[in-house]
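Subject: Structure for your files, with notes

Hello,

Below is the structure I said I would pass on. My notes on it follow; please read them with the model open.

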Amino acid sequence: MARRRSVKKHTAIKIAIAVVAILLIVAIALGVFYAVAPDKFNHYKDLVLGLIKGPEDPPAVQPTLEGTLEMTVIDIGQGDCIFLQFPDGQTMIMDAGSKFKSENTYDELTAHLELRGVTNLDYIFITHSDYDHIRYMPDILADYEAENIYIPRVADDMSARWGDTIEAIEAETYTSENGAQVPAKVNYTVGDFTIEGENWVMECHSYLDEDYPNVKESSSAEIKNSVSPVCFLKYADRTIVLTGDSNERNEEYLFERGVLDVDADVLKVGHHGSRTSTMDYFLDEVDCEYAIVSYGAENGYGHPTPELMDRLENYRDKQPDDDYNGFKYIYETAKDGNVGVFIDGDGTLRIDCENTDDKDFSLAWGAAAASLDRAPVRRYEVELAA
């Protein structure tokens, strides 16, 4: 028995010596490797450590690159909410609402602001006073400082939520450069006006003062929606068209005024894809290649309507140019989640979605694409500089 233990002990010692020798040889080899090629050594070291630790969590904050314009149409449900970060770092929320008595989606908005590291807003822009565009405005004004606020000229008692919004706007302050609390600057979205910063401009058009409708609680939905300005956000020879709930009433008015003629790229479709918005003549005037429709999956309104989708799918440029003839893609928040549009300083346009990698063609769009010999293309779209 004693001899057996002695043999085992001797074997263990030899194994230990062999292991130490191997480790010593590996250490010497790694030392030589580092001395000869330190960059390669560090690369493989990080690779091995990464495999050991596993995938890292994504960063808590993912700010937009400096010099890039971001527009994200947030999947807020049946409503509108658009986050804009301009190339000079200024930020804007355009509308923030969802359908009455629907699921509270405020967290979808704040999560995106947190992801972008937003702690205050340079601009809040309210296109009109409907609940599905203002539901979260009092919350936004309570949680974030806002310096400039743009609102339609409508009665203060349009609705209980609009009253809450007006009250929050009147109480809103921001911290000035000297640290003082200053009342937010309130502007009415009447007539033609611009919002601009370093190398970017947003040109907005609504009813002129003398033509602006008297909007009150008893006004028709058509009139309430029609005060939504049509805005052209321009940067690096690219243009994004923003519409709120614009409809054929104000589209025709602006068309007759001759302020819609642009060669744009991206269209936020009016009124969640209503049949009475984004008419043929409007499409001819703005001449876009990408469309984004913001709506909820089961909204009860039939949005987006077949009539509207037909207009988008069958649209062809009135005056053919160097751009794509018609719409290259139609994005839908109910299917694609958040839809982000990024424009770099050289005019490169990138569009990406939260939920989908490839275009989820509807049957109607798929049929149109087949008849026109259009092959589905990668969802993440990259274009060369304009």
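In the hairpin of strands S11 and S12, two residues sit between the strands, and Ala236 takes a positive phi near 55°. Helices (H or I, at least four residues) and strands (E, at least two) are DSSP runs, numbered from the N terminus. This is a predicted model: local features need pLDDT of at least 70, side-chain atom pairs count only at pLDDT 80 or more, and totals for chains, interfaces and linings use all residues. Residues are numbered from 1 along each chain as its sequence is written, and side-chain values use heavy atoms, with hydrogens and water left out.

Confidence. The mean pLDDT (the predictor's confidence in each residue, from 0 to 100) is 85 for the chain, and 81% of the residues reach 70 or more. Over residues 358–386 the pLDDT is below 50, although this stretch has 63 contacts (heavy atoms within 4.5 Å) in the model beyond near neighbours in sequence. Where pLDDT is low, the predicted coordinates should not be read in detail.

The sheet. S11 and S12 belong to an open sheet of seven strands with mixed pairing, in the order S9-S10-S11-S12-S13-S14-S15. Two strands pair if DSSP finds at least two bridges between them. At the edges are S9 (192–197) and S15 (329–332), each of which pairs on one side only. On average, neighbouring strands are turned by 15° against each other, direction ignored; axes here are lines fitted to C-alpha atoms, for helices over the stretch in contact, and angles run from 0 to 180 degrees between N-to-C directions.

S11 covers residues 230–235, and five of its six residues are buried (buried means under 20% relative accessible area, exposed over 50%, partly exposed in between, with a 1.4 Å probe and protein chains only). S11 runs antiparallel to S10 (residues 200–205), joined by six bridges, and is also antiparallel to S12 (residues 238–242), over five bridges. Phe232 of S11 stands opposite Glu203, and its bridge partner in S12 is Val241.

Further along, S13 (residues 266–268) and S14 (residues 290–293) are parallel, with three bridges; Leu267 has Ala291 of S14 as its bridge partner. Helix H10 (residues 306–314) lies across S14 and S15, at about 150° to S15. In the loop between S14 and H10 is Pro304, and the peptide bond from His303 to Pro304 is cis, with omega near -10°.

Helix H6. This helix has 12 residues (160–171) and reaches 17 Å from first to last C-alpha, close to the 16 Å expected at 1.5 Å a residue; the expected span is 1.5 Å times one less than the number of residues. Which residues of H6 are buried? They are Trp162, Thr165, Ile166, Ala168 and Ile169. These lie on the same side of H6 because they cover an arc of only 165° around the axis, taken from the directions from the helix axis to the C-beta atoms. Ala160, Glu167, Glu170 and Ala171, on the other side, are exposed. The cover over the buried residues includes H4 (131–134), H5 (137–143), S5 (145–151) and S8 (185–188).

Asp95 lies in strand S3 (residues 91–96) and is buried, with a relative accessible area of 1%. Lys101 is in the loop between S3 and helix H3 (106–115) and is exposed, at 71%.

Regards
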